[in-house]
Amino acid sequence: MWTTLKAHHAAVSDRRFETMLDTGRAADFSATAGYMRLDYAKTNIDAEGRALLLDLLNQTGVAAKRDAMFTGDPINETEGRAVLHTALRNLDGGPVEVDGADVMPDVLATLARMGEFVEAVRSGAYAGQGGRITDVVNIGIGGSDLGPAMGVLAMAPYHDGPRCHFVSNVDPADIAQVLRSCDPTTTLVIVASKTFTTIETMTNARTARAWMSQKVTNVGAQFVALSTAADKTAEFGIDPSRVFGFEDWVGGRYSMWGPIGLSLMVAIGRDAFHAFLRGAQAMDVHFRNAEWSENLPALLAVVGIWHNQVCGYTTRAVLPYDNNLSRLPAYLQQLEMESNGKGVSMDGADLPVPSGPVVWGEPGTNGQHAFYQLIHQGTRVVPCEFLVAARGHEDALHHQHQLLVANCLAQSQALMKGRDLDEARSKVADKFEGDELERQARHRVFPGNRPSVTLAYPRLTPFVFGQLIALYEHRVFVEGVVLGLNSYDQWGVELGKELATALQPVVEGTQSAAGKDGSTVGLVDFLQAHGV
């Protein structure tokens with residue numbers, strides 16, 4: 001199947017896809033789901049290539065694996081677990097069984113308990129020892145930080161609750177800078193760690209507890225735990241009524257739909273959080289029911305597969321023209337690179353093709369004045385994904401939003417069209433002549449023929465935000481199934497953790513560095529000499 005796709009790419013690789021872009025292609029190479037439109041017309045995928053790519057989904061059994069995921073089968077085979085983050089947003093769906101038991105009653109009960117607690121905090125019924133809660137500090141790392149931190153920023157126009165802060169790095173500067181802006185008597189601390197043993201999270205949690213104890217007598221009353229380790233949360237001093245757990249069939253980077261999203265619910269309220277879940281649920285329904293040719297997650301996935309595994313473009317830029325989505329590229333780095341950054345297939349063999357791409361990006365228009373030089377004129381082709389809303393939330397400044405949209409559309413157009421040498425000459429013919437004209441013109445040539453897709457939506461509401469994140473989750477799922485790997489484990493993070501634990505006493509000077517490699521020993525010696 002890969003051979004056929006690569007042969008097709010070889011046959012069309014020199015084609016200027018701008019020449020294919022008539023009005024018929026624009027309609028045929030786009031699809032909608034609810035309030036969202038995906039346009040992939042500015043790529044070199046033609047009808048034949050799309051048919052081959054969509055057939056790839058059938059050959060690799062994506063539909064059967066999708067259905068198995070939604071019904072609670074243990075598709076995370078290396079860990080023997082179901083993958084059911086979709087159950088967290090199954091607000092009015094049917095039962096979902098794991099090992100013969102319906103998980104939905106517990107899911108909905110936890111969601112209701114979260115809502116009751118959040119509304120008590122937001123109304124002032126649940127207060128700190130200095131009065132109404134003014135600040136919430138979420139302490140977590142990885143999926144316990146990236147999702148809610150990204151979500152709180154994305155939903156900033158809907159904030160009407162306490163201020164939310166996020167601490168993830170064990171670097172003391174992170175927590176120190178956050179706590180300086182808070183009053184311990186009116187701060188609620190959320191500790192997000194399923195096992196309540198994550199080194200970075202628990203180190204920061206103890207620091208926060210010591211900070212709060214300077215002015216608060218009943219410290220535990222202003223802590224919340226997002227964890228399943230009831231014994232450890234109790235030992236930390238957190239009452240069971242403020243412990244919200246989630247099962248092992250919810251992976252960390254897929255967990256913001258449940259208790260890990262508590263800080264987001266505090267910021268925007270129960271109703272808006274439910275709208276966020278509804279948007280994701282709507283994308284789930286679309287993913288399960290739409291034909292592949294109209295299925296946004298499937299189409300986004302096969303475009304990614306075409307660019308990475310077939311064309312050999314090893315990177316992907318995510319470019320939201322929506323400042324509130326500033327943290328989306330970082331969130332997708334984890335979602336995509338931790339999920340599909342693997343080298344081994346489900347049967348233990350080496351992957352026959354490259355795994356997931358390097359994902360990165362920044363919001364427009366900031367990126368235009370940073371790295372767009374490379375994506376327009378550099379030697380590497382970087383497929384781009386633009387995201388843009390028809391309207392922003394600052395109605396009085398709609399003229400600025402129109403400028404933002406114009407920039408977004410212009411960038412995708414420029415990547416496609418480029419500028420040839422004749423046009424470049426005409427730009428500077430009044431300033432230069434002869435050899436200097438040729439030299440100056442060459443610097444103004446844009447190769448063009450560089451692919452992009454655009455996701456457009458009316459406005460970034462909680463519902464649309466839920467659609468968007470679920471879309472990317474399912475895109476990662478489809479790509480993982482096609483590649484034959486497990487998108488739901490993350491063994492790659494383990495080795496560094498183990499070595500860090502072993503190195504800590506060496507760095508502290510309580511254990512000899514004997515047996516460590518020469519480079520590490522030399523670095524330890526240097527850092528100890530300078531005060532580590």
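Which helix does Leu-523 lie in? Leu-523 lies in helix H20, and the legend for View 1 picks up from there. This is a predicted model, where local features need pLDDT of at least 70 and side-chain atom pairs count only at pLDDT 80 or more, while totals for chains, interfaces and linings use all residues. Residues are numbered from 1 along each chain as its sequence is written, and side-chain values use heavy atoms, with hydrogens and water left out.

View 1. Patches are made of residues with over 30% relative accessible area and no salt bridge; like charges are joined within 9 Å, and nonpolar side chains (Val, Leu, Ile, Met, Phe, Trp, Tyr) within 5 Å. Areas come from the Shrake-Rupley method with a 1.4 Å probe, and for residues only the protein chains shown count as cover. Helix H20 (residues 518-529) gives the largest share, three residues. Helices here are DSSP runs (H or I, at least four residues), as are strands (E, at least two), numbered from the N terminus. Leu-523 counts as exposed because its relative accessibility is 52%; the cut-offs are under 20% relative accessible area for buried, over 50% for exposed, and partly exposed in between (1.4 Å probe, protein chains only).

**View 2. A patch of negative charge on the surface, with Glu-97, Asp-102, Asp-106 and Glu-247.** For the bookkeeping, Asp and Glu count as negative and Lys and Arg as positive, with His and the chain ends not counted. Each charge is placed at NZ of Lys, CZ of Arg, CG of Asp or CD of Glu. Asp-106 is found in helix H5 (residues 104-123) and, at 57% relative accessibility, counts as exposed.

View 3. Gln-281 sits in helix H11 (residues 270-289). With 11% relative accessibility, Gln-281 counts as buried. Set aside its neighbours within four places in sequence, and Gln-281 is in contact (heavy atoms within 4.5 Å) with Arg-89, Asn-90, Leu-91, Asp-92 and Gly-93.

**View 4. The salt bridge between Arg-89 and Glu-473.** Their side chains meet at 2.8 Å, N to O. This pair links distant parts of the chain: Arg-89 is in the loop between helix H4 (62-70) and strand S3 (97-98), Glu-473 is in helix H18 (residues 462-483), and the two are 384 residues apart. A salt bridge here is a side-chain nitrogen of Lys or Arg within 4 Å of a carboxyl oxygen of Asp or Glu; a search of the whole structure turns up 25 of them. Arg-89 is buried, at a relative accessible area of 0%, and Glu-473 counts as buried at 1%.

**View 5. Glu-479 paired with Arg-316 by a salt bridge.** The closest N and O atoms are 3.2 Å apart. Glu-479 lies in helix H18 and Arg-316 in strand S12 (residues 315-321), so the pair ties together parts that are 163 residues apart in sequence. Glu-479 counts as buried at 5% relative accessibility, as does Arg-316 at 4%.

**View 6. Glu-438 and Arg-425 in a salt bridge.** Here the side chains meet at 2.6 Å, N to O. Glu-438 belongs to helix H17 (residues 434-442) and Arg-425 to helix H16 (residues 421-428), 13 residues apart. Glu-438 is partly exposed, with a relative accessible area of 30%, and Arg-425 counts as partly exposed at 23% relative accessibility.
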